[in-house]
Amino acid sequence: MTAITCACGTVRLEAEGAPMLCAVCHCSSCRIAGQEFDARTDLEPIVDASGGTSAVLWRKDRVRCVAGCERLEPHRLTLGSPTRRMVASCCGAPMFLDFTKGFWLTVYRGRVEHAPSPSIRVMTGDVPVGVVLPEDGLPRVRGHSGRFMLKMLMTRLGMGLRSPRVTGVAD
């Protein structure tokens, strides 16, 4: 089990098994939401100097909320968006991004105990003009990696095309 906790420890989730991926996303919505979160708290920033957001992805059916679930509050960039970012109301810690129509959960890397290192930078085509990505040796993909998309498809097929919910997290 991998522990996922808010900054004060009130909200706790557990993830079973290995994650699907650990990546740094540079899409505009991750950058905008992350900057909004960073402006609200004194916690470790969500967005790095190059505008990237580090996250660890698990299948939803492998993550469950074990404490403080009622403290999770949704944050959406636009009304009716299928993407909700869940924030712990106790300490303001952004916890995860839930694409409600999908089968995976994108957990902010800073919330994951013993988080793996990122293996790729995705959506680098959204990096603003003038921003320089770090020379960290990570592969860079302008959109989504074809290899990752194939892995997502195979995982989804292996799940019988289900889109499960995260146990313990309200809709």
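**Note on the predicted model: disulfide, salt bridges and surface**

1. The S-S torsion of C65 and C69 is about -115°, so this disulfide is left-handed. The two sulfur atoms lie 2.4 Å apart. A disulfide here is a pair of cysteine sulfur atoms within 2.5 Å. The structure holds one. C65 is buried, at 9% relative accessible area. Buried means under 20% relative accessible area, exposed over 50%, and partly exposed in between (1.4 Å probe, protein chains only).

2. This is a predicted model: local features need pLDDT of at least 70, side-chain atom pairs count only at pLDDT 80 or more, and totals for chains, interfaces and linings use all residues. Residues are numbered from 1 along each chain as its sequence is written, and side-chain values use heavy atoms, leaving out hydrogens and water.

3. The mean pLDDT of the chain is 91, and 99% of residues score at least 70. pLDDT is the predictor's confidence in each residue, from 0 to 100. Confidence is lowest in helix 2 (residues 146–158), with a mean of 78, and highest in strand 1 (residues 2–5), at 98. Helices (H or I, at least four residues) and strands (E, at least two) are DSSP runs, numbered from the N terminus.

4. What about other cysteines? The sulfur of C91 is 3.8 Å from its closest cysteine sulfur, in C6, which is too far for a bond. C91 is partly exposed, at 22%. For C22 the closest cysteine sulfur is in C25, 12 Å away, again too far for a bond. C22 is buried, at 4%.

5. Eight salt bridges are present. Each is a side-chain nitrogen of Lys or Arg within 4 Å of a carboxyl oxygen of Asp or Glu. One of them joins R64 and E14, at 2.8 Å from N to O. The pair links distant parts of the chain: R64 sits in strand 5 (residues 63–67) and E14 in strand 2 (residues 12–15), 50 residues apart.

6. R121 pairs with D136 at 2.7 Å, N to O. Shared partners join D48, R121 and D136 into one network. The closest N and O atoms of R121 and D48 are 3.8 Å apart. R121 is buried, at 5%, whereas D48 is partly exposed, at 30%.

7. T83 is in strand 7 (residues 83–88). T83 is buried, at 17% relative accessibility. Leaving out residues up to four places away in sequence, T83 touches H75, R76, L97, D98 and F99. Contact means heavy atoms within 4.5 Å.
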